Amino acid sequence: MPPRPKFDRLSDRFVAALIGITLAPLGCMSAAHAQPGGPAVVIVQKVTEEKIAPYQEFVGSVKANRRSVIGSAVDGRVEQFMVEAGDPVAAGDELAQLRTRTISLEIAAAKAELKLREAELQELKNGLRDEEIQLERAKSQAANAANAYAQAKLKRFESLFKSSSGVSRDEYESSRAEALAAQAIVEQTAASLALAEQGTRQERIEQAAARVTVQQEIVANLEDRKKKYTVKSPFNGFVVAELTETGAWVRQGDAVAEVVEIDPVEIEVFVPESLVRFTQDGDTVTIRIDALPDEKFQGTVTRIVPLADDRSRSFPVRVSVPNPAINGRHRLLPGMLAHIALPISEPKNELMVHKDALQINGDKSIVFKIVDNSAVPVPVRYGMADGFKIAVHPLVSGQLASGDAVVVIGNERLRPGQPVVATEQEEDQESKEPAQ
């Protein structure tokens, strides 16, 4: 049975309406009950037809949305450990710093080698200077001159040798060898000049460019390794465990700190196989927390895990709940006991009235409907509640319908058929509780 409606919560709107109606030209009427049999001043709300479903509470625990044991990506000695358990951290905040002297020296050497490779590439791209080409041209000209002299000398010696005019065979062969050597030098210098004038081959430039790229990757790899010497938080949250300290040696993979994210938090409950079909991803649900009995929280079903527990035949249902910090503190903390209201049947249309409209006397209950400015009692059975509303079923079909005005304030002293002066009140804007 729902709690008996409270009638002592007069809103400012009701007080203003009461004053306005009292001062209105209504004869000599002063107040609702000042004159027996006179019109009663009441506040009414419309009956609505809404689709609702019964709910059942399931018990679970508040969990961190994310929980990470953060380890070191490299071997090293801890130079600084910057956090303590309970400290808030943002994504990217430093947790620990390892010694980086050795890796810094390796990076400096790799960058120097990169500069050398880049200079070599630039030299090949620029090609020979004009002075160097002029030098190659001068060498070619000198070789041509020497070759001309050697060829002329060979002709003289050949003529003298054939006429037996005092030139021995050895002298003749020697001059012939000199002429051949001079011709070879001419060809060599001509080829060098042609290369100088054509510039560097594209293949050599590409080879040098590849060496530059390799060295750039070496530098990038070392700099990436250096970043790993700084251990950072992967997300916003809180440090919940210190797993090393300044001066300790950590190996790759060793734990450094544990961080949890608690905005939002996640609650997991297990729903029996016969009821899980009534819950859908994206459903908005209401959560009660034992540690915060005067508050209710709204969450969203984010996942229904499609694998039941073999023993209980129940499915895990996970709910995400916003948990922003208020005055620097979060209301929901991992480990708190939670109750989540989930639907246990298909929704159906119900006539809904404000709880204050319901008058309960023993096993009988009524609401007062306004008909021709008179209060007409309508016997009803009440059903499930949904926030500040409750489902009602008239005992006589057709006596109550959506859109009818029922009294929500001032109905505790009404008599059947009593004239009333009614003011309509807007529906409560407060958050709904799940139907029970």
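# Exercises on a predicted model

Strand 21 (residues 389-394) is mostly covered, with 5 of its 6 residues buried. Buried means under 20% relative accessible area, exposed over 50%, partly exposed in between (1.4 Å probe, protein chains only). Helices (H or I, at least four residues) and strands (E, at least two) are DSSP runs, numbered from the N terminus.

This is a predicted model: local features need pLDDT of at least 70, side-chain atom pairs count only at pLDDT 80 or more, and totals for chains, interfaces and linings use all residues. Residues are numbered from 1 along each chain as its sequence is written, and side-chain values use heavy atoms, with hydrogens and water left out.

**Exercise 1. Check the span of helix 5 (residues 202-227), then list its buried residues.**

Solution. 
- Step 1. Use the rule: the expected span is 1.5 Å times one less than the number of residues.
- Step 2. Apply the rule. Helix 5 has 26 residues, so it should span 38 Å.
- Step 3. Compare. The end C-alpha atoms are 38 Å apart, which agrees.
- Step 4. List the buried residues: I205, A208, V212, Q215, V219 and L222.
- Step 5. Recall the helix pattern. An α-helix has 3.6 residues a turn, so residues three or four places apart point the same way.
- Step 6. Look for the cover. Helix 2 (101-126) is among what covers the buried residues of helix 5.

**Exercise 2. Is S175 buried or exposed? Which residues does S175 touch?**

Solution. 
- Step 1. Locate S175. It lies in helix 4 (residues 169-198).
- Step 2. Read its accessibility. S175 counts as buried because its relative accessibility is 1%.
- Step 3. List its contacts (heavy atoms within 4.5 Å). S175 touches K153, L154 and F157, leaving aside residues up to four places away in sequence.
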